[in-house]
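Here are my notes on the model you asked me to look over.

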Amino acid sequence: MSPVLRLEGLHKSFDNLEVLKGIDLEVARGEVVVLLGASGSGKSTMLRCINFMEMPTAGRIHFDGDLVGRERNGRVQYKEEELTRLRARVGMVFQQFNLFPHMTALQNVMEGPRTVLRCDARECQRRGETYLNKVGLGWKANDYPARLSGGQQQRVAIARALAMEPEIMLFDEATSALDPELVGEVLETMKGLAEEGKTMLIVTHELGFAYTVADRVLFLSEGRILEQGTPSEVLTYPKQQGTKNFLRGHGTFRLPEPQID
Ligand SMILES: Nc1ncnc2c1ncn2[C@@H]1O[C@H](COP(=O)(O)OP(=O)(O)OP(=O)(O)O)[C@@H](O)[C@H]1O
Ligand SMILES: [Mg+2]
């Protein structure tokens, strides 16, 4: 079976600054991949290239085995209609949830299916209710974002992305803007999706979460994947000095307690 996502030699430069220097990555269906790396290493740029919020400078992106765009003389050319269709297949959750303030929680979740997918009213309602319930906020359907806590707003933003029924969900530091006491509910929601088999690529600094939820952890350094492996391989027994330095700077990470009978 083809991987949901395959990156081949992905490069991205901004003027003279080369941010991504050749990323190769496959994400299998149902796989949960956590992407770690220091500030400025290119994590957000990588996610933004995957849904074409930024255009790659070079390299190829495949979804379900199909190349996005058309290759001519070694360069990939993209058509806006194809990118629009593709963006609907990739769910994205940001640090800033950016809900529409003049719409209720339910209307926020229904908006993508209504305007982008042009689902009929019944289907929009079904998706709205289904995905708000999935994040545990069916009871807040008629509340406006201003009346929701930050954690609840972020869960609505997750429901909004899920309502498009995307093939992969990308999370860019989804809990970084939240007060510490609200982080847990959002991580629990994400963990639930992982357990259900959603394919996810997650940028986070929550190493405990990465340890328990990820199938694979990648460490990005200066635009390259420096190291990758199981959570235990990367987080407990890192091989590369760059990974070790990064983990040393995240002193709050605690391993699960040893299980002794
Ligand atoms: N639109 C842009 N124009 C110019 N430079 C940019 C742009 N977006 C990102 N960069 C630069 O690309 C580099 C990587 O940025 P990116 O946001 O991908 O890092 P990051 O790993 O997500 O960092 P953080 O952990 O702080 O979010 C940085 O040097 C940044 O200044
Ligand atoms: Mg970032």
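1. Helix α1 gives the largest share of the shell around ligand 1, three residues. Both β2 (17–27) and α1 (43–50) supply at least two residues of that shell. Helices (H or I, at least four residues) and strands (E, at least two) are DSSP runs, numbered from the N terminus. The residues around ligand 1 are F14, L17, V19, G37, S39, G40, S41, G42, K43, S44 and T45. A residue counts as near a molecule if its C-beta atom, placed from the backbone, lies within 6 Å of it.

2. By class, that shell has three nonpolar, seven polar and one charged residues. Here Ala, Val, Leu, Ile, Met, Phe, Trp, Tyr, Cys and Pro are nonpolar, Asp, Glu, Lys and Arg are charged, and the others, Gly among them, are polar.

3. A word on the basis. This is a predicted model, in which local features need pLDDT of at least 70 and side-chain atom pairs count only at pLDDT 80 or more, while totals for chains, interfaces and linings use all residues. Residues are numbered from 1 along each chain as its sequence is written, and chains are lettered from A and ligands numbered from 1 in the order in which they are written.

4. Strand β1 (residues 5–14) pairs with β2 in the antiparallel sense over eight bridges. Strands pair if DSSP finds at least two bridges between them. L10 has I23 as its bridge partner in β2. The hairpin of β1 and β2 has two residues between the strands, and D15 there takes a positive phi near 50 degrees. β1 also pairs with strand β4 (residues 58–63), antiparallel, over five bridges. The bridge partner of E8 in β4 is R60.

5. Now the open sheet. Its six strands run in the order β8-β9-β10-β3-β11-β12, with mixed pairing. β8 (90–93) and β12 (224–229) are the edge strands, each with a single partner, so one side of each has no neighbour in the sheet. From one strand to the next, the twist averages 20 degrees. Inside the sheet, β3 (residues 32–37) and β10 (residues 200–203) run parallel and are joined by four bridges. V33 has L201 as its bridge partner in β10.

6. Helix α5 lies across β8 and β9 (168–172), at about 170 degrees to β8. Axes are lines fitted to C-alpha atoms, for helices over the stretch in contact, and angles run from 0 to 180 degrees between N-to-C directions.

7. Look at M92, in strand β8. M92 is buried, because 21 other C-beta atoms lie within 10 Å. The scale is: buried at 20 or more such atoms, exposed at 12 or fewer, partly exposed in between, with C-beta atoms placed from the backbone. Beyond four places in sequence, M92 touches N51, A161 and L170. Contact means C-beta atoms, placed from the backbone, within 7 Å. M92 and F171 are 79 residues apart in sequence, yet 5.9 Å apart in space, C-alpha to C-alpha.

8. Which residues of the largest nonpolar core touch the most other members? They are A159 and A210, in a core of 68 residues. The largest share of this core, six residues, comes from α5. Such a core joins buried Ala, Val, Leu, Ile, Met, Phe, Trp, Tyr and Cys residues through C-beta atoms within 7 Å. Leaving aside neighbours within four places in sequence, A210 contacts V34, L36, T204, V217, P231 and L235.

9. Last, helix α3 (residues 105–115). Its buried residues are A105, L106, N108, V109, M110, G112 and P113. They pack against α4 (121–134) and α5 (150–162).

Notes
Contact = placed C-beta atoms within 7 Å.
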